[in-house]
Protein chains: 2
Amino acid sequence: MRNRIFPAVIGLGYVGLPIYLNLQKKINTVGFDIDKKKILNLKKKIDTNNQFKKKEFFRHKINNFISNYLQLKKCNFFIITVPTPIFKNKKPDLRPLLNATKIIGKIIKNGDIVVYESTVYPGVTNSICVPLIEKISKLTNKINFNVVYSPERINPGDRKHSINKITKVIALENYKIKKRVSFIYKNLTNKLFFTNNIEDAETSKVFENIQRDVNISLMNELYIICKKLNLNYENVIKIAKTKWNFLSFNPGLVGGHCLPVDPYYLSYIAKKNKINTKLIIAGRKTNDLMEKILYKKITSYLKKKKIKYNDKLLICGLTYKPEVADLRNSIAYSIFIKIRKKFKNCSGFDPLIHNNEVKKFSILNKVNNYKKYKIIIFITKHKILIKIYKKLIINNKKIILNCML
Amino acid sequence: MRNRIFPAVIGLGYVGLPIYLNLQKKINTVGFDIDKKKILNLKKKIDTNNQFKKKEFFRHKINNFISNYLQLKKCNFFIITVPTPIFKNKKPDLRPLLNATKIIGKIIKNGDIVVYESTVYPGVTNSICVPLIEKISKLTNKINFNVVYSPERINPGDRKHSINKITKVIALENYKIKKRVSFIYKNLTNKLFFTNNIEDAETSKVFENIQRDVNISLMNELYIICKKLNLNYENVIKIAKTKWNFLSFNPGLVGGHCLPVDPYYLSYIAKKNKINTKLIIAGRKTNDLMEKILYKKITSYLKKKKIKYNDKLLICGLTYKPEVADLRNSIAYSIFIKIRKKFKNCSGFDPLIHNNEVKKFSILNKVNNYKKYKIIIFITKHKILIKIYKKLIINNKKIILNCML
């Protein structure tokens with residue numbers, strides 16, 4: 001290694017923070033985020049996403065967490081892990097990605113390497129990001145600097161497939177930098193898979209999530225059919241599973257930052273090229289439909305039980321999936337907001353939400369007295385909530401509605 | 001066993017014949033089909049579906065093959081394996097099932113057992129078939145006779161999952177007959193899975209195939225997107241497969257009697273109950289779209305190569321999937337028919353089609369001289385055709401179009 005490599009991780013959310021912390025164990029790394037409050041928390045070893053405990057801030061250096069982009073100048077290897085959400089009209093919202101790219105454009109130097117990890121549609125890296133860096137920096141890709149695409153495969157709440165146990169795809173077009181990229185990424189996992197085509201890697205990433213989204217939506221569609229036709233969904237699946245090639249997916253409320261978003265990224269670029277993505281979009285619509293169905297189930301139940309506007313209700317489990325503290329695109333949280341509009345004293349409760357976050361979302365992360373609620377509804381199936389549910393069922397005569405799928 | 005059980009298999013196609021032959025190995029069994037020509041062939045140990053060789057007609061008894069339903073009277077255990085296709089408007093065509101049921105109604109006696117193996121939508125067995133038997137026979141279900149549903153899981157061309165290696169689901173509502181049903185079915189496989197709900201078993205069967213159909217359609221949708229966006233589909237999949245939970249399905253021409261049909265069965269009953277099956281139908285449409293795409297690919301190629309109306313063409317591989325002799329709902333065969341309309345001297349060739357069947361479909365199952373064809377197109381990927389393709393590619397300077405997915 002001719003020059004010392006000094007990496008920086010841009011964007012310290014669900015993807016960036018694990019990368020930062022794992023790199024920092026082995027090599028001095030900078031963590032950058034435009035969110036100053038987040039940086040202040042991280043300096044104090046506080047992860048408001050509740051993914052990491054204080055003791056996991058290994059080899060902690062306060063000054064490695066920065067929010068002033070000028071301080072990135074000392075780094076020469078940039079890993080971009082900013083979110084790529086969608087607008088309300090379902091079109092890709094590339095603003096965080098473009099802002100991060102602009103920052104790179106301003107501070108990039110000869111010989112630097114930029115790795116994009118954010119999920120995008122095919123073509124974004126080479127047709128949008130690279131030209132933007134070149135324009136701002138007046139440098140030339142593959143001559144003065146190099147761009148790599150390495151799709152993130154962080155699965156929040158899944159300790160079995162943590163970053164150091166999975167295969168990391170690295171798409172680079174200039175094999176001269178392979179050694180330097182390996183030097184950094186081998187600190188994360190020793191399973192590196194190299195490919196020379198960035199667009200193929202961009203496509204593979206969105207497609208992986210689309211396959212999951214569509215398969216869950218198929219289970220949701222079957223679940224809806226079974227409920228409406230008075231068939232026993234659980235028994236149907238038990239029977240189907242006796243076939244050698246039946247795939248085990250569960251119906252559920254699909255939320256978060258990947259599955260409800262990525263299909264729209266691929267269908268956006270497909271539509272732009274006049275390609276139909278009927279199936280992908282049908283999957284999305286079926287999964288979104290679950291919100292309506294669950295909302296209706298709950299409100300019908302409240303009506304049946306003659307719950308009044310002033311009655312105290314509690315909705316437990318609000319994040320988008322079990323064992324995760326993320327409320328983004330959460331169907332459970334969205335249902336809670338809607339119910340609260342109809343019932344003034346409806347409280348939301350999720351024990352996984354960090355103390356620093358409860359105010360922002362006006363929910364509770366602790367409940368001392370369940371007795372004061374007239375009805376308690378369970379949605380997201382956190383292990384701890386299953387325990388609470390079982391306790392309440394045994395000890396109380398309270399009205400409890402189990403909506404945990 | 002108080003009385004001797006004497007089984008009959010009604011319908012001797014892709015499902016019925018394997019059941020008949022496997023039962024007949026162990027217990028004297030009658031094979032019934034309304035197709036007299038088929039019965040004549042079977043008497044001579046000829047399986048025009050090319051699934052079984054003469055030596056597989058074990059313990060062969062000419063008189064066990066019958067087409068006169070009155071001869072079924074001597075039997076007391078009926079296994080119905082007739083096809084359940086769809087009409088052109090995609091609605092279930094239950095005529096073969098109803099005709100078989102009417103025959104049962106005419107010959108059923110006290111104590112008899114009827115097993116339905118045909119794929120149906122939930123409710124067909126109990127709400128349509130049982131009342132029909134009762135009406136014709138004047139006997140009562142669960143008192144005078146019993147009905148069982150055991151969904152067939154025959155996978156044509158798949159020797160790995162032959163009937164004796166797979167789990168057989170048996171749905172029966174009257175456990176008093178379990179012993180007698182086991183006595184017959186344990187001759188086929190020792191993996192029997194009992195359930196007490198016929199509708200659940202009916203649903204599980206259609207759903208298994210829907211899951212496969214939707215997953216293949218998703219690969220087709222991605223394949224189309226990759227081709228149109230100039231992405232390398234094979235490389236995209238190679239990358240995606242490095243993820244721990246990526247599912248390995250291939251794009252392809254979905255045909256035959258199950259996948260293109262079963263989704264319409266479930267969506268028929270869903271629609272009747274005002275339930276939307278957007279995703280299931282989107283899967284079907286994408287899979288059907290492949291015919292149009294492949295047809296266009298071939299005709300554009302023929303145009304580019306300036307092939308004339310009189311030129312001799314050969315299309316190789318016409319059945320609905322590799323290693324199967326079945327032309328039903330075959331996209332390859334349908335494309336051949338369309339091309340022949342545009343090119344007078346277009347011949348179809350499939351080496352798997354039985355000698356007795358070639359005339360019926362006006363195709364060849366043998367080609368001696370490939371030289372006389374100006375262009376040769378390969379569609380269905382039979383192993384033997386891959387060999388022929390490779391030979392032709394090396395030895396000839398002929399124009400060859402490889403459409404094998």
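Let's start where the two chains meet: 50 residues of chain A are in contact with 49 residues of chain B. Keep in mind that this is a predicted model.

Which elements of chain A build that side? Those giving two or more residues are strand E8 (192-195), helix H6 (198-228), helix H7 (233-240), helix H8 (262-272) and helix H9 (278-304). H6(A) gives the largest share, with 17 residues. By class, the side of chain A that touches chain B has 26 nonpolar, 15 polar and nine charged residues.

Stay with one of those helices, H8(A). How many of its eleven residues are buried? Eight of them, and the helix is mostly covered. The buried ones are A:Asp262, A:Pro263, A:Tyr264, A:Tyr265, A:Leu266, A:Ser267, A:Ile269 and A:Ala270. What covers them? The cover includes H6 and H9 of chain A. It also includes helix H6 (198-228) of chain B. After H8(A) comes A:Lys274, and its phi is positive, near 60°.

Next, a glycine in chain A. A:Gly11 sits in the loop between strand E1 (7-10) and helix H1 (16-26).

The crossing of H3(A) and H4(A) is right-handed. Which residues make the contact? From H3(A), they are A:Leu98, A:Thr101, A:Lys102, A:Ile104, A:Gly105 and A:Lys106. From H4(A), they are A:Cys129, A:Leu132, A:Ile133, A:Ile136 and A:Ser137. The contact of these helices has six nonpolar, three polar and two charged residues.

On to strands. In general, strands of a sheet pair through backbone hydrogen bonds, either parallel or antiparallel.

Take strand E9 (residues 313-316) of chain A. A:Leu313 and A:Ile315 point one way, A:Leu314 and A:Cys316 the other, and all are buried. E9(A) has parallel partners. One is strand E10 (residues 346-349) of chain A, joined to E9(A) by four bridges. There, A:Ile315 has A:Gly348 as its bridge partner. Another is strand E11 (residues 375-378) of chain A, again parallel and over four bridges. In that pair, A:Leu313 stands opposite A:Ile375. There is a helix in the story too. E9(A), helix H10 (residues 331-342) of chain A and E10(A) make a right-handed β-α-β unit.

Now chain B. Here four strands form an open sheet, in the order E10-E9-E11-E12, and the pairing is parallel. Which strands are at the edges? Strand E10 (346-349) and strand E12 (399-402) of chain B, each pairing on one side only. The twist averages 15° from one strand to the next. Inside this part of the chain, strand E9 (residues 313-316) of chain B pairs with strand E11 (residues 375-378) of chain B in the parallel sense, over four bridges. B:Leu314 stands opposite B:Ile376 in E11(B).

Last stop: strand E6 (residues 146-149) of chain B. B:Asn146 and B:Val148 point one way, while B:Val147 and B:Tyr149 point the other way, and all are buried. E6(B) runs parallel to strand E5 (residues 113-116) of chain B, with four bridges joining them. Which residue of E6(B) is the bridge partner of B:Tyr116? That is B:Tyr149. To get from E5(B) to E6(B), the chain crosses through helix H4 (residues 124-137) of chain B, and this β-α-β crossover is right-handed. E6(B) also pairs with strand E7 (residues 168-172) of chain B, now in the antiparallel sense and over two bridges. There, B:Val148 stands opposite B:Leu172.

Note on methods. Residues numbered from 1 in each chain as written. Chains lettered and ligands numbered in written order. Predicted model: local features only at pLDDT ≥ 70, side-chain atom pairs only at ≥ 80, totals over all residues. Buried ≥ 20, exposed ≤ 12 C-beta atoms within 10 Å, placed from the backbone. Pairing = 2+ DSSP bridges. Right-handed = clockwise from strand over helix to strand, strands pointing away. Contact = placed C-beta atoms within 7 Å. Nonpolar A, V, L, I, M, F, W, Y, C, P; charged D, E, K, R; others polar. Axes fitted to C-alpha atoms, helices over the stretch in contact; angles between N-to-C directions. Left-handed = near helix turned anticlockwise from the far one by under 90°.
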